[in-house]
Amino acid sequence: MIIEVLGSGTSQGVPVIGCQCIVCTSIDSRDKRSRSSILIHLDDINIGIDIGPDFKMQIMRSGIQEMHGIFITHEHNDHVIGLDELRPFNFKMGSPIPIWLEPRVAMEMRKRFAYAFEPSKYPGLPEIELIEIEAGQQIPIGDTKVEALRVMHGRLPILGFKIGEFAYLTDAKSFPSETMDKLMECKYVIINALHKQPHHAHLNLDEALNIAEQLPAEKIWLTHLSHHAGRHRDIEPNLPERVRLAYDGLKIFM
């Protein structure tokens with residue numbers, strides 16, 4: 001399995017429009033953070049988690065030719081608004097793309113993208129199949145299973161996902177005990193760390209590092225980083241040895 005980090009930034013991305021801070025003006029490619037998303041390569045199967053506004057650019061950089069499904073963490077725009085960019089995969093593969101998501105999120109998607117669910121479809125619309133799932137459910141993908149984990153995004157219940165000994169968690173503020181139990185089984189974890197200041201709905205850096213201390217994982221990467229977090233070269237040297245910063249284009253081989 002290969003995990004490819006498509007995007008590692010917040011809802012605004014980095015650089016932020018109009019901002020002249022040292023992060024937004026950095027020439028380090030690791031400080032150019034598109035909206036958070038990952039790609040899971042399982043032999044000849046490609047599965048994405050979230051489809052934000054940068055999805056086309058991310059996929060062009062990745063170079064994949066087929067997409068076999070998408071898991072959605074929650075309904076915020078930076079995680080779903082790239083739905084239309086799935087159309088080239090429809091044209092190439094000649095089939096709808098399954099999207100696994102919670103019932104509440106499916107309802108929101110049907111409203112937000114109502115044109116894609118009209119009974120009489122206009123040629124060229126995205127062809128997708130919404131498959132409703134719930135936390136704790138295991139979804140077979142090829143020879144493995146993807147397990148949906150409950151995550152709390154402030155007061156909003158959202159999903160993280162666990163595949164074998166790897167877990168992906170973004171937009172988290174807290175986890176129920178059953179999710180922490182599942183994370184104890186993982187060797188590799190990607191978790192969000194917005195910036196250094198407290199936030200009502202996201203883990204900040206100290207909170208993410210506190211979670212990391214509790215986990216036995218061999219390697220933990222921090223994602224969903226704001227421009228307020230600082231430059232990659234300034235943050236990473238001060239992290240524990242097994243904790244690194246994710247960045248756009250990072251590939252993790254498992």
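Here are a few questions and answers on the sheet, its helices and some backbone details of this predicted model.

Colleague: Which strands are the edge strands of the open sheet of 7 strands?
Modeller: The order in this sheet is β6-β5-β4-β3-β2-β1-β14, with mixed pairing. An edge strand pairs on one side only, and that leaves the two strands covering 128-132 and 251-253: β6 and β14.

Colleague: Which residue in β3 stands opposite L42?
Modeller: Strand β2 spans residues 37-42, and β3 spans residues 45-49. They pair in the antiparallel sense over 5 bridges. Opposite L42 in this pairing stands I45.

Colleague: At about what angle does helix α4 run to β6?
Modeller: Helix α4, residues 103-112, packs on the sheet and touches β5 as well as β6. Its direction and that of β6 make an angle of about 150°.

Colleague: Is D171 buried or exposed?
Modeller: D171 lies in the loop between β10 and α5, and its phi is positive, about 60°, although it is not a glycine. Buried means under 20% relative accessible area. D171 has 2% relative accessibility, so it counts as buried.

Terms used: Residues numbered from 1 in each chain as written. Predicted model: local features only at pLDDT ≥ 70, side-chain atom pairs only at ≥ 80, totals over all residues. Heavy atoms only, no water. Pairing = 2+ DSSP bridges. Helix = DSSP H or I, 4+ residues; strand = E, 2+ residues; numbered from the N terminus. Contact = heavy atoms within 4.5 Å. Axes fitted to C-alpha atoms, helices over the stretch in contact; angles between N-to-C directions. Buried < 20%, exposed > 50% of the residue type's maximum accessible area, 1.4 Å probe, protein only.
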